[in-house]
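Let's take a walk through this protein together.

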Amino acid sequence: TDLPGCGIFSSLSILIIDYNSISNPSADFFQSCQKIRSLKAGNNPFQCSCELRDFIQSVGQVSSDVVEGWPESYKCDYPESYKGTPLKDFQVSELSCNTALLIITIVVPGLVLAVAVTVLCIYLDLPWYLRMVCQWTQTRRRARNVPLEELQRTLQFHAFISYSEHDSAWVKNELIPNLEKEDIRICLHERNFVAGKSIVENIINCIEKSYKSIFVLSPNFVQSEWC
């Protein structure tokens, strides 16, 4: 049962409705009953909710002599988690009561996150980096579980060379010949990558099988998505 406003009884000055079945007093009760001098509505089964919060706030704006028995006789009856709690101590956040604010709070961060992920995927190739991190993590985990002697037996190359395709002429004509004439075994993507495996897997595999990694740093290397 609700406690409505005064309506046509605008001259109502005294209202005694304690020990009834009032559960949701009207939030604008005191606005519609401006001539009320005494309200006795304690010991009712109040349902503590967002609607009741507004009534509690309005009680705090009137004289303490108007609401008889406040706050001792005004307690929550429902829900069970608030049962017996004095109405003056009942608190609920604005976010819980304002559906529009709740939607904005959830939707806006979600949209910002979606835009950020989209930008990262388009301009920074986020999926590639995530795959690389995943592969690298798995490799580090495997390396920790493999004995040092066995790990050394898997090393087939002295170095893995990573470079931009735009620098391939210098790498093939200058760098590799000078290294290999010193009996340095080189791992190259053109001859050592395994068909059927992803580029990320092949890069990690070459690094695992090499003592060292050589990166040919150049403007082309920095701009390459695979380097």
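Predicted model: local features only at pLDDT ≥ 70, side-chain atom pairs only at ≥ 80, totals over all residues.

Let's begin with helix α7, which spans residues 168–180: its buried residues are S168, V171, L175, I176 and L179. And what covers them?

Now zoom out. The protein chain has 10 helices and nine strands. It runs to 227 residues, and 29% of them count as buried. If you take the contacts with a separation of 6 or more, 63% of them are between residues 24 or more positions apart.

Next, the cysteines. In general, a disulfide is a covalent bond between the sulfur atoms of two cysteines. This structure holds one, and it joins C48 to C76, with 1.7 Å from S to S. C48 sits in the loop between β5 (46–47) and α2 (50–59), while C76 belongs to strand β6 (residues 76–78), so the bond ties together parts that are 28 residues apart in sequence. The torsion about the S-S bond is about -95 degrees, which means the disulfide is left-handed. Both C48 and C76 are buried.

Two other cysteines deserve a glance. C187 has a relative accessible area of 0%, so it is buried. C206 comes in at 3% relative accessibility, and therefore counts as buried too.

How values were computed. Residues numbered from 1 in each chain as written. Heavy atoms only, no water. Helix = DSSP H or I, 4+ residues; strand = E, 2+ residues; numbered from the N terminus. Buried < 20%, exposed > 50% of the residue type's maximum accessible area, 1.4 Å probe, protein only. Contact = heavy atoms within 4.5 Å. Disulfide = S-S within 2.5 Å.
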